[in-house]
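Hello,

Here is the structure I said I would pass on. My notes on it follow below the entry.

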Amino acid sequence: MTRRRRCWSSSARARPSGGPSSAAAKGGCGACVVLISKYDPATDEVTEFSASSCLTLVGSLNHCSVTTSEGIGNTRDGYHPVQQRLAGFHASQCGFCTPGMCMSIFSSLVKADKPGTTTAGDHAPPPGFSKLTCAEAEHAVSGNLCRCTGYRPILDACKSFAADVDLEDLGLNSFWKKGTDRADVGKLPEYSSGSVCTFPEFLKSEIKGQMNDVPAAIAGEDGWYHPRSIQELHSLFDSNWFDENSVKIVASNTGAGVYKDQDLYDKYIDIKGIAELSVIDRNSKGLEIGAAVSISKAIEVFSDGTPVFRKIASHLSKVASPFVRNTATVGGNVIMAQRLQFPSDIATVLLAAGSTVTIQTASKMLCLTLDEFLEQPPCDAKTILLSIFVPDWGSDNVIFETSRVAPRPFGNAVSYVNSAFLARTSGDGASGELIIEDICLAFGAYGVDHTTRARKVEEFLKGQSVSAPVILEAVRLLKDTIMPSEGTTHPEYRVSLAVSFLFSFLSSLGNNQIEPAKAIAPNGSCANGSMNGQVASEDLQIRSRQELVFNDEYKPVGKPITKSGAEL
């Protein structure tokens, strides 16, 4: 492992609770984001992704390169344009969050400008810009919390790299006088892709030199064990040293941010190297995803699919934050929902989509519906989730909708309530009859052990055509079904949210009686797979207005002067 300057995880852990880093070691604030790079000697390719260093175990970084904010720019080598533009747009005040902001933006630039990528199109960007779009630039820092500066200047700095930005729309800065000087990219600190080496050549040579070496034993003296197959994993389970109270099975360790008090272990079993857990198999029946596939990779795979798959991808993009999704796994999230009663959005969405899971126990392999899996007693440490299969529903007469309400809309916060509904319909809108043939209504995070289905409501709705009396009765049944457990905060609010989700969904089906192929379901999603040019609300750019009043009476107060030490 190589390290650029110091790692921010150490400073994040050292701060006392209650201060500005009360989210430290939880992956919740983004102040300690770094760029992790991995090299594949077989293809000679480097893969980069941002990660929260407070959750990343050093033992999982063998043969990785870690680049911190000091690694892209510093007092000795000069500052990177990301750092200079954040300072010039007055986007740093206390400075605590700024290094993480830098690395989130830098990570997005690296991803967008990677040769061969089609993130923002195939055309080369104008000089001084990247292939990043304004919408992507805004989402780059969607998981980074800022408590004092405010996001407008931070977003201005982000968007200054975007090829489709109108520089005149950017706010007050120290590069040109707003409203007087001409905004020009040539006045900004010059940006060129590839100026920072994210993976040193010496480390590539070291990895290549070890390609022909005999694979190391799965059990090491450092307390880390790296099985390469399910069989080797079970061999570790059967060994004398295995004790579930002192051994932790990890793929990324992001769960430690939620269940921090349980993160006390002497030994670790890293399952990332097990090929069976990283499978991605798409066929005519559906999509199978290995349990160790990252949430970000799952979003990428689902995005290139049917309307149901694309809606799953859209909802998953609101789970956690970009730098957590890059390492967190789909299987780990579902296992936490089953074993630790984690209020998972992923479990809710996959359950409504009719998913099945394959698990390996000590004696046999089982295939269960996700509903059956969640209903089981908590899995023991030796039960392994192998993969999740999501059927391909196509787009004909299938309507799929997901909803969530959380303190922050772009993720990085657990839902108050989440839901996912899938309905198969029949009939012709021209005749005024649209019949619900089958329906699945899944609700989660409202104060129960795991995601549940509103089966009484489902049974009532099957065979019905949607009308006002039907919606009223469905809502009444749901209010009797959604019952938060004792001690749940704001129970009435959560019930009202669940009711509103169902009401909106059924209302959209009722409107479908007129033109079933053109109805737009709530939340910017689509019915029957037809978007008809509608733009999802989460894709709309953030707009703000800045009014400036210049006054020389109290010079230099009111002048756009870059904060001393901002770059540092």
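Lys462 is partly exposed, with a relative accessibility of 32%. Please keep in mind that this is a predicted model. Lys462 forms a salt bridge with Asp438, and the closest N and O atoms of the two are 3.5 Å apart. Asp438 lies in strand 15 (residues 433–444), while Lys462 sits in the loop between helix 15 and helix 16 (468–481), so this pair ties together parts that are 24 residues apart in sequence. Asp438 is partly exposed as well, at a relative accessible area of 29%.

Other salt bridges

Searching the whole structure gives 16 salt bridges. One of them joins the side chains of Asp371 and Arg455, with an N to O distance of 2.1 Å. Asp371 belongs to helix 14 (residues 370–375) and Arg455 to helix 15 (residues 455–461), so the bridge ties together parts that are 84 residues apart in sequence. Which partner is buried, and which is partly exposed? Asp371 is the buried one, with a relative accessible area of 12%, whereas Arg455 is partly exposed at 42%.

Glu458 and Arg453 also meet through their side chains in a salt bridge, at 2.8 Å from N to O. Here Glu458 counts as buried, because its relative accessibility is 1% and the limit for that class is under 20%. Arg453, with 25%, counts as partly exposed.

Backbone points

Most residues other than glycine have a negative phi, and most peptide bonds are trans.

- Lys555 and Pro556 are joined by a cis peptide bond, with omega at about -5°. Pro556 is placed in the segment after helix 17 (491–511).
- His63 has a positive phi, near 65°. This residue is in the loop between strand 3 (45–52) and strand 4 (64–67).
- His90 has a positive phi too, near 55°. The loop that holds His90 runs between helix 3 (81–88) and helix 4 (98–112). His90 counts as partly exposed, with 22% relative accessibility.

Confidence

Averaged over the protein chain, pLDDT is 86, and 86% of the residues score at least 70.

Two stretches call for caution. Residues 1–23 have a pLDDT that stays under 50, and the model has 51 contacts for them beyond four places in sequence. Residues 513–537 have a pLDDT below 50, with 55 contacts in the model beyond near neighbours in sequence. Where pLDDT is low, the predicted coordinates should not be read in detail. The contacts of both stretches come under that caution.

Regards

Notes:
Residues numbered from 1 in each chain as written. Predicted model: local features only at pLDDT ≥ 70, side-chain atom pairs only at ≥ 80, totals over all residues. Heavy atoms only, no water. Salt bridge = Lys/Arg side-chain N within 4 Å of Asp/Glu carboxyl O. Helix = DSSP H or I, 4+ residues; strand = E, 2+ residues; numbered from the N terminus. Buried < 20%, exposed > 50% of the residue type's maximum accessible area, 1.4 Å probe, protein only. pLDDT = per-residue confidence, 0-100. Contact = heavy atoms within 4.5 Å.
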